[in-house]
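Hi,

Here is the structure I promised to pass on. Have a look at it first, and my notes follow below.

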Amino acid sequence: MAEAHSAVAFSFAISHEGVHVNYDTEVLHVIWHSGIRYWRRGIQRIVNSVRCGIFPATLSSLALTIGGYNAMYLSRDMHSVNYDITFGLVDLLKQHIKLEEPARGIVCCTVSGFAVWFGVFIFMKYSLRCLFVYKGWMYESRGKGRTMSITSRLWFSAVKFLTGFSRPMLYSYQGSLPRLPLPVLKDTMTRYLRSVRPLMDDEAYARMEKLADDFQNGIGKKLQRYLVLKSWWATNYVTDWWEEFVYLRGRSPLMVNSNFYGTDAILLHPTNKQAARAANVSHAAFLFRRLIERQQLQPIMVQNAVPLCSYQYERTFNTCRIPGIETDKIVHFGDSTHIAVYHAGRYFKMPCYYKGKLLTPKELQIQFERILNDESAPEKGELYLGALTAGERKPWAEARSKYFSKGINRSSLEVIERSAFVLVLEEESHDYCEDDPDQLDKFGHAMLHGKGYDR
C-alpha cells in the first residue's frame with residue numbers, strides 16, 4: 001500500500017532576525033472546510049432528529065399553537081373579554097412565575113401552548129402506533145371488482161388523516177412502529193414442526209415431535225419467559241440477538257456463506273470506458289448517501305400506508321465489520337470523503353470531495369484513469385491481502401491484531417475501513433449472451449467471490 005504523507009499546517013523558526021512563521025494555505029483550507037462540513041452536518045442531524053422525533057406533528061404546528069395562544073390571550077386583555085382559552089392553566093402558572101406583565105402572561109401562554117401541543121402530539125403518535133398493529137388489510141382481496149372491508153377502510157382513512165399533516169422523512173416513522181409481537185411457545189413449535197415435515201420421513205418426524213414436546217414442556221418455558229421480559233422493554237425482541245449470535249458470531253467465511261451479490265444492467269451498455277462507468281457509479285452512490293444523511297428519501301410504504309423499518313439505511317455507507325476472536329462488531333463512521341479502490345492487486349485511497357463539495361463525474365473519471373494507467377507493482381503482501389477477509393473469521397482477527405495494530409499497516413487498513421465504500425476495477429470484462437449462458441455464470445461467480453482475494 002502506498003504510504004500516506006503527513007502534512008504540516010504550521011511551522012516556525014527562531015533566529016537572530018526574529019521568529020519566522022510558515023504555514024501551508026492548502027492544508028488550512030482543508031482543515032477549514034472539514035470543520036465547516038462537520039458542524040453543518042451536525043446541525044442538520046440535530047434538526048432532522050427533532051423533526052423525526054415529533055412526527056406526525058410538525059415544528060410549524062408548534063409555532064402556530066404557541067403563537068395562537070399568545071395572540072388570543074393578548075386580545076382578551078386588550079378587549080377586556082372574560083374567557084380563558086387555557087381553562088385556568090395560565091392563572092395557575094402565574095402564581096409560580098414572578099415576572100412583570102406582559103412578560104409573565106407571554107411566558108405562561110407559551111408554556112400552556114406547548115403543553116397542549118405536546119399532549120396532542122403524544123396522542124397522535126401513539127394512536128398511529130396502535131393503528132399500525134392492525135393487520136387485517138393484509139388479507140383483503142385484491143383485483144378488479146374487489147372492495148375493502150369497512151374496518152380496513154376506516155383504518156386506512158385514520159392512518160391517512162394522522163400522517164397527512166407533514167411529509168415524512170426517512171426515519172419519521174421509527175418512533176411509531178409497533179413492537180414485534182411475541183408468539184406463544186405452542187404456536188412456535190407448531191409452525192416449526194410444519195416447516196420440517198416435508199424434509200423428514202415418518203420415523204424421523206415422530207422423533208422430532210417428541211423432541212419438540214420435551215422442549216416445549218421443559219427449557220422452552222424458561223426461555224419463553226426471558227423473551228416476554230425482553231419484549232416489554234425492546235421494540236424488537238429478536239433483532240439485536242439475531243445480529244450478534246447468528247450473524248456476528250458466525251466464524252465461517254463471509255464469502256459465499258453470508259455475502260450476496262447483484263447483477264448489473266447486463267442488457268444496457270451506456271459506455272465502454274471503465275473509468276467513466278466507475279465515476280458515474282461512484283457519483284450516484286454519493287448522491288444516494290447524501291439523500292440518506294439528509295433523510296430526503298421516502299420510507300418504504302406497503303400499500304402506500306404502512307411503513308417498513310428504515311434503520312438499516314444508516315449503515316449502508318461508512319460501515320465496516322471488524323473481526324474478533326469470538327464475535328465481530330459492526331463499526332459505523334460518521335463521515336467519509338474518500339473511497340478505497342482496488343485494481344491489479346493494489347489499493348488506492350481516492351478522495352471524492354474538494355473543499356467540502358462532491359467532485360463531478362468527470363473529475364472522478366480523471367482519478368480512475370490515473371489508477372488504471374498506473375503500472376506500479378503491488379507492495380509486498382498487498383496482492384493477496386483481501387484473502388484474509390475471505391477466510392475464517394478467527395484467523396483474520398488474529399492476523400489483524402498481530403500485523404495491523406501499529407505502523408503503516410494500521411494506518412493503511414484504517415483508510416480502507418473508513419472509506420465510504422470499496423470499488424473494484426476488474427481486469428477482465430464480463431458480458432451476457434443469450435446463446436451462451438455460461439457467460440452469465442462466470443459473471444455471477446465474479447460478483448460473488450472473484451478470485452477470492454480481490455473482494
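A quick definition before the numbers: a residue is buried under 20% relative accessible area, exposed over 50% and partly exposed in between, with a 1.4 Å probe and protein chains only. By that rule, 31% of the 455 residues of the protein chain count as buried. Bear in mind that this is a predicted model, where local features need pLDDT of at least 70 and side-chain atom pairs count only at pLDDT 80 or more, while totals for chains, interfaces and linings use all residues. Residues are numbered from 1 along each chain as its sequence is written, and side-chain values use heavy atoms, with hydrogens and water left out.

Some overall figures. The protein chain has 15 helices and eleven strands; these are DSSP runs (helices H or I, at least four residues; strands E, at least two), numbered from the N terminus. Taking a contact as heavy atoms within 4.5 Å, 68% of the contacts between residues at least 6 apart in sequence join residues at least 24 apart. The accessible surface is about 29,700 Å², and 60% of that belongs to carbon and sulfur atoms (Shrake-Rupley method, 1.4 Å probe; for residues, only the protein chains shown count as cover).

Now the cores. I call a nonpolar core a set of buried Ala, Val, Leu, Ile, Met, Phe, Trp, Tyr and Cys residues joined through side-chain atoms within 4.5 Å. The largest one holds 27 residues, and Phe286, Ile339, Val341, Met350, Cys352, Phe368 and Phe421 have the most contacts inside it. At least two residues each come from α10 (274–293), β7, β8 and α11 (361–373), with α10 giving the most, six. Leaving aside residues up to four places away in sequence, Phe286 touches Ser336, Ile339, Cys352, Tyr353, Leu358, Ala420 and Phe421. Another core, of twelve residues, lies apart from this one and includes Phe55, Met124, Phe132 and Leu162.

Strands β7 (338–343) and β8 (346–351) run antiparallel and are joined by six bridges; pairing takes at least two bridges found by DSSP. Ile339 stands opposite Met350 in β8. The two strands form a hairpin with two residues between them, and Ala344 in the turn has a positive phi of about 55 degrees.

The peptide bond from Phe55 to Pro56 is cis, with omega near 15 degrees, and Pro56 sits in the loop between α1 (25–53) and α2 (59–79). Gln295 has a positive phi of about 55 degrees without being a glycine; its place is the loop between α10 and β3 (301–302), and at 9% relative accessibility Gln295 counts as buried. Asn304, also not a glycine, has a positive phi of about 60 degrees. Asn304 lies in the loop between β3 and β4 (306–307) and, at 53% relative accessibility, counts as exposed.

Cheers
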